[in-house]
Amino acid sequence: MAAGRAGPEGDAGDALVGGMGERHLEGMVDRLRELWNVDVRTGSPRVAYQETPSRAVRGVEGKLSKQTGGSGQFARVVIDVTPREDGQFEFVDRTVGGVVPRNFVGATEKGLRAALAEGPQGFPVVGLTVALTDGDTHAVDSSEMAFQRAAAEALKAALAQTGTTLLEPVMALVVDTPAANVGDVVGDLQRRSGRVLSIEDKGGRSDVTARAPLAQLSSYTTTLRSLSQGRASASMVFD
């Protein structure tokens, strides 16, 4: 149990309770159980990891072709995948000559967006442009659902080819500490895979500015108080 968000904007889906420290949170949980009869299960907030393509890949095919006695299912799409720096998803239709009808282009985008929910490493996929470059239809067997499924298969295959890089939330911290405790504060941040950016002397106190992975900051406030005999404090925001 810890005060704060599980990730950027709480993306992990936990119900989060904010408080002024461990003891404050424990009191709030006790009240939920005793006064409101709420079954509360607590733990450290989960970290909202994401993944992004490691490189560009072109000409990846997704195809659905099934015949079940009556009307079958057919769709074929070809896509290019390019990484983006801004973490956004963009869909581009680069087909020519109407090889993929407009309603099936929309279905292709819908299938791609659905496939972003889980990448090869099991996390949401961000930071990519997907271009639809080619495709085929069948006069009877093609449908929007078939194109959604073919698009999802194409993106799955493309990400398997590119590989993905795991992204984790990093927090920006400013620690206000007595000057005598700067060494302890810096050492603790380094043990948490943090990177100290600056130390500003404020006449007997110091501001330590750093970046550190959110996954390493569980119960950080409690540890900081212990290191400084309760005389240091920290603020952190998603970076």
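**Ground rules.** I am working on a predicted model, where local features need pLDDT of at least 70, side-chain atom pairs count only at pLDDT 80 or more, and totals for chains, interfaces and linings use all residues. Residues are numbered from 1 along each chain as its sequence is written, and side-chain values use heavy atoms, with hydrogens and water left out.

**Whole chain.** I looked up the secondary structure and got 5 helices and 10 strands. These are DSSP runs numbered from the N terminus: helices are H or I with at least four residues, strands are E with at least two. Next I checked the dimensions. The C-alpha atoms fill a box of roughly 75 × 45 × 25 Å along the principal axes. The radius of gyration is 25 Å, while a compact globule of 239 residues would have one near 18 Å. That radius is taken over C-alpha atoms, and the globule rule is 2.2 Å times the number of residues to the power 0.38.

**Burial.** I found 38% of the 239 residues buried, meaning under 20% relative accessible area (1.4 Å probe, protein chains only).

**Helix pair.** I then turned to α4 (residues 182-191) and α5 (residues 220-227), whose axes come within 10 Å and cross at roughly 150°. Axes are lines fitted to C-alpha atoms over the stretch in contact, with angles from 0 to 180 degrees between N-to-C directions. The two helices are therefore roughly antiparallel, a label for angles over 145 degrees. From α4, D184, V185, D188 and L189 make the contact; from α5, Y220, T223, L224 and L227 do. Contact means heavy atoms within 4.5 Å.

Technical notes: Angles under 35 degrees count as roughly parallel, over 145 as roughly antiparallel, 65 to 115 as roughly perpendicular and the rest as oblique. Buried means under 20% relative accessible area, exposed over 50%, partly exposed in between (1.4 Å probe, protein chains only).
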